[in-house]
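Subject: Handover of a structure and the findings on it

Dear colleague,

Please find below the structure that I am handing over to you.

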Amino acid sequence: FCNPHSFVKDCYTLKLIKEIYMKQLLKLSAASLLVVGALSVQASTLSDVQAKGHLSCGVSKGLAGFSSADSAGTWTGIDVDVCRAVAAATLGDATKVKFVPLTAKERFTALQSGEIDMLSRNTTWTITRDASLGLNFAGVNYYDGQGFMVKSSLGVSSAMELGGAAVCIQAGTTTELNLADWGKSNGIEYNSVVSDTNAQTLTNYEAGRCDVLTTDASGLYSLRASSNDPSEHVVLPEIISKEPLGPVVRQGDDAWFNIVRWSLNAMITAEEIGVTSATVDDVSNNPERERLMGRSGSTHEYVGLNSDWTYQIIKQVGNYSESFERNIGLNTPIGIARGVNALWSDGGILYSAPFR
């Protein structure tokens with residue numbers, strides 16, 4: 001009905017109105033999609049965990065001190081304790097965890113697919129994993145580095161003597177890449193004997209299918225403790241990599257990321273200010289302690305949890321030191337000293353951002 005010869009101004013106005021209308025419609029549609037998408041992501045993990053009444057947490061298939069199950073099916077380890085801390089924070093009960101044992105090759109797929117709610121499986125934080133897999137590392141619960149273990153009878157005292165050796169290694173780990181870099185840098189040739197699990201790696205090593213076993217140093221101490229005769233094995237002094245190990249979540253759910261990160265931070269902060277599972281009920285005049293225990297402040301509102309979420313973590317699981325000493329400390333068969341995993345105030349590098 002628009003005649004361009006007699007109603008030029010009207011035609012122009014109609015066209016202009018139509019263009020503005022279509023642009024605004026597109027903007028509204030895009031905004032609506034973003035809002036719907038954001039709501040579906042942000043509401044997903046926490047609400048799913050609370051709806052089903054348990055946390056699904058991916059762990060190793062058996063690494064003593066980190067995550068392993070006894071004959072009764074009870075899981076223990078410092079990685080297990082991170083899972084329990086998140087369950088205590090979100091469900092009020094640290095026992096409400098379904099542990100899902102995974103190989104190194106399975107772990108990321110299980111998290112990406114939603115089979116598990118989080119991963120706490122002696123997993124190294126790298127840029128590739130953090131930026132290309134759709135995952136986020138929520139912190140570091142153990143600072144590690146790759147080492148080597150040999151049989152005492154071999155008479156080797158340094159990794160530099162391993163030229164031509166057969167090396168037992170676990171597939172799908174940073175260990176393979178680190179070993180390749182180290183061998184190339186030092187002109188050391190070797191033959192790889194690859195397995196899918198820690199148990200298989202140890203079996204191959206003890207059966208003599210390789211001369212040396214390499215993995216994270218903590219894993220070496222764990223495997224040595226699990227061997228038939230720990231005294232027959234020597235962990236060599238060389239550490240050839242940085243292996244910051246920590247819990248992992250899917251990208252896109254910032255609320256869940258914050259919960260996992262600050263559940264770990266709560267354990268570290270509790271050690272920093274001297275709160276243990278035995279003293280968690282003691283009231284003090286320390287403002288940070290009272291905020292941590294949920295007796296003052298409103299930090300719980302920022303993560304969408306009950307005011308006692310951190311109290312439940314420390315009461316039921318303990319602070320970081322309690323977890324460390326209970327699972328891998330000097331008085332356990334693993335026998336690891338705190339070292340770099342000591343608090344920053346005690347000469348280590350362990351550190352939590354403030355609860356403020």
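In these notes a residue is called buried when its relative accessible area is under 20%, exposed when that area is over 50%, and partly exposed in between (1.4 Å probe, protein chains only). The model is predicted, so local features need pLDDT of at least 70 and side-chain atom pairs count only at pLDDT 80 or more, while totals for chains, interfaces and linings use all residues. Residues are numbered from 1 along each chain as its sequence is written, and side-chain values use heavy atoms, with hydrogens and water left out.

Salt bridges

A salt bridge is taken as a side-chain nitrogen of Lys or Arg within 4 Å of a carboxyl oxygen of Asp or Glu. The count under this rule is 6 salt bridges. Helices (H or I, at least four residues) and strands (E, at least two) are DSSP runs, numbered from the N terminus.

One of the salt bridges joins the side chains of Arg-326 and Asp-81, at 2.7 Å from N to O. Because Arg-326 belongs to helix 13 (residues 320–327) and Asp-81 to helix 3 (residues 78–91), this pair ties together parts 245 residues apart in sequence. Asp-81 is buried, at 6% relative accessibility, whereas Arg-326 is partly exposed at 44%.

Another joins Asp-117 and Lys-52, with 2.9 Å from N to O. Asp-117 sits in the loop between helix 4 (107–112) and strand 5 (118–119) and Lys-52 in helix 2 (residues 44–52), so parts 65 residues apart in sequence are tied together. Asp-117 is buried at 5% relative accessibility, and Lys-52 is partly exposed at 37%.

Lys-105 and Asp-196 also form a salt bridge, at 3.0 Å from N to O. Lys-105 is in the loop between strand 4 (97–102) and helix 4, and Asp-196 is in the loop between strand 10 (191–195) and helix 7 (198–206), 91 residues away. Asp-196 is partly exposed, with a relative accessibility of 32%.

The largest pocket

A pocket is an open set of points on a 1 Å grid over the protein atoms alone, where a 1.4 Å probe fits, with protein on both sides within 12 Å along at least five of seven lines; lining residues have an atom within 4 Å of a point. The largest pocket holds about 250 Å³ of space, a volume being the space filled by probe spheres set on the points, which are joined across faces, edges and corners.

Its lining consists of 13 residues, and Thr-126, Thr-128, Arg-129, Thr-174 and Leu-177 lie nearest the centre. Helix 5 (127–132) and helix 6 (174–186) each contribute at least two lining residues.

Yours sincerely
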